[in-house]
Amino acid sequence: MSQPLRLGIAGLGTVGIGVLRIIRKHADLLAARTGREIVISALCARDRSKDRGVPLDRYGWESDPVALATRDDVDVFVELIGGDEGPAKVAVEAALATGKDVVTANKALLAIHGQSLAELAEKHGRALRYEAAVAGGIPVIKALTEGLVGNQFSRVMGVMNGSCNYILTRMETSGLSYAEIFAEADGLGYLEADPQLDVGGIDAAHKLAILTSLAFGTQVNFDGIVLEGIERISIDDITAAADMGYKIKLLGVAQKTGRGIEQRMQPCLVPDTSPLGQLDGGTNMVVIEGDSIGQVVLRGPGAGEGPTASAVMADVCDIARGMRGPVFGLPANQLAPAAPASSSPPAPYYLRMALDDKPGALAKVAKVLGEAGVSIDRMRQYGHQDTSAPVLIVTHKTTPEALAAALEAMAGTNVVTGSPVALRIEAV
Ligand code: NDP
Ligand code: HSE
C-alpha cells in the first residue's frame, strides 16, 4: 500500500465533524478503495474545548487555519470553515502556495475567487476540489467533469437551496404566509446564520456560478447572475400557480444563448408534473442537458452532515488515488471571460393582477398586452374581492423586453390595482 494520505481539517462544525466520522467509521473501506490509508494529522476550529461528540485527543491541533494548512505532516488541507473572505480564503491560498492539495465545501469562496484560486492551484501544480460546494451530497461536479465530459452542454438548471424549497413547499401544503413559514424554518435551524444568503438566492447563486463555469468553460462570474430571492412570493401566487398547473421554485438556470451565457437565479414556475415540480422539502435537484446525453436529472440531499461529508470524501478519495484535473474542467488560462447574456430567450410568463371589477377593464389589459406583442395563452378570473377581481394570465412565449413594455403600459390603464406579479415559466 502507498504512503498514507495525511489530512488537516479546518472547521469542525456540521460538515467537519461529518468528515471526521466517516474517516473513523470507514477507515478500512477507504483504504481498500483508494489503496492508501487516509489519516488525520491535525484539526483546527475556534474553540478547542467544545464537546463535538467525537473524541479529538488523538489528533494534532492548531488554533490558526494557516498554521494547519502549512504543516509538514499535511498533504491535503480540508477547508470547512466557510465564508468568501477571511480565514478560509487566507488558509486555502496558503495551503496551495505551500504545495498542499485542497478540498473545500465553500461555494461562496469559489463563486467569488474561483478564477484566482484556480490559477494559484495550477501555478503550484496542486488539486483544488469542491464536490460538496454544489448541491451537497449530489455528485454534480463529477457528473459534469467526468460522467458527462463527452457532451457539449446547452443548459444546466436546478433547485440548489434546500431552505428555499422547504419554505415554498411548506407554504403550499400549509396555506400559510411567507412570513409564517420563514419563522418556522428559522426556528427549525434550516436557515443560514444570515438568512438572506438563503432567501435572497445568494447561496444558490454561488452554486450556479460554479456550475456555469464547469458547463460552459467560462470564468466563474457570480456578478453576472440575474438574481432574485423568494421574499416577494406570496401564498396567493403559490395557490394561483397551482391552480394553473405549476409549482413555484427558486430555480437556477445557466444556458448558452445566441446572446451569450445566461445565468439566472430567480423564482420561476415549472409544470407541477415535472421532476422539478415534484421536488418537495429540502431536497435538491440538478438537471443537465447535453448534446449526446439529452437530459440527466440528479436528485438528492443538498445539505446536512452526512450528505455533505460524503461529497467531501469523494474529493479526498480522488486525491488519494492520484486523480487530478483542472479546477474548472479546463486550464485556468483557457476559461473564457463570462460576459453576461444581453437578454433572456423568450419564454411564457405567468401574470397575476388585481383588476377593477367593471366593464372594459379586462379589455384594456388585453389591449396593452397585444400592443406590446404579448399574446395570451390562458386566462382565469376569479370572483371579485371588494371592488377588484384577481386575474391570472399565462402568456405565450415572449421576450422580457416585450413583457416589461406591457407591464409599464398596464400601469397607465387605471384598472390594475398595485403592481402585477410576473414570473417566468421555465420549460423543463
Ligand atoms: P459550521 O458553522 O457548522 O462550522 C464552521 C466551523 O468553522 C466551526 O467548527 C468553527 O469553529 C470553525 N471556524 C470558524 N471560524 C474559524 C476560524 N477563524 N478559525 C478556525 N476555525 C474556524 O459550518 P458548516 O459545517 O455548516 O459549513 C462548512 C462549510 O461547508 C461552509 O463553507 C458551508 O457553506 C459548506 N456547506 C455546508 C453545508 C451544510 O449542510 N452545513 C452544505 C454544503 C456546503 P467552532 O466550532 O470552534 O466555532
Ligand atoms: N443553506 C443551504 C441550503 C445549505 O439550504 O441548501 C447548503 O448549501
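Trainee: Is Cys268 buried or exposed?

Mentor: Start with the cut-offs: buried means under 20% relative accessible area, exposed over 50%, and partly exposed in between, with a 1.4 Å probe and protein chains only. Cys268 has 0% relative accessibility, so it counts as buried. Keep in mind that this is a predicted model, where local features need pLDDT of at least 70, side-chain atom pairs count only at pLDDT 80 or more, and totals for chains, interfaces and linings use all residues. Residues are numbered from 1 along each chain as written, chains are lettered from A and ligands numbered from 1 in the order written, and side-chain values use heavy atoms, without hydrogens and water.

Trainee: How many disulfides does the structure hold?

Mentor: In general, a disulfide is a covalent bond between the sulfur atoms of two cysteines. Here the test is a pair of cysteine sulfur atoms within 2.5 Å, and the structure holds 0 disulfides. Cys164 is in none, as its nearest cysteine sulfur, that of Cys268, is 13 Å away. Cys164 is also buried, at 0% relative accessibility.

Trainee: Which residues surround ligand 2?

Mentor: A residue is near a molecule if one of its heavy atoms lies within 4 Å of it. For ligand 2, the shell includes Lys107, Asn161, Ser163 and Asp198. Then look for polar contacts, pairs of N or O atoms within 3.5 Å; within protein, one must be able to donate a hydrogen and the other to accept it, and residues adjacent in sequence count only if both atoms are side-chain atoms. The side chain of Glu192 puts an N or O atom 2.8 Å from a nitrogen of ligand 2, while a polar side-chain atom of Lys207 is 2.8 Å from one of the ligand's oxygens. Gly162 uses a backbone N or O atom, 2.8 Å from an oxygen of ligand 2.

Trainee: How much of the accessible area of ligand 2 does the protein cover?

Mentor: Accessible areas come from the Shrake-Rupley method with a 1.4 Å probe; for residues, only the protein chains shown count as cover. The protein covers 86% of the 260 Å² that ligand 2 has on its own.

Trainee: And which polar backbone atoms lie by ligand 1?

Mentor: Gly304 has a backbone N or O atom 2.7 Å from an oxygen of ligand 1. Val15 has a polar backbone atom 2.9 Å from a ligand 1 oxygen, and for Arg46 the distance from a backbone N or O atom to such an oxygen is 3.0 Å.
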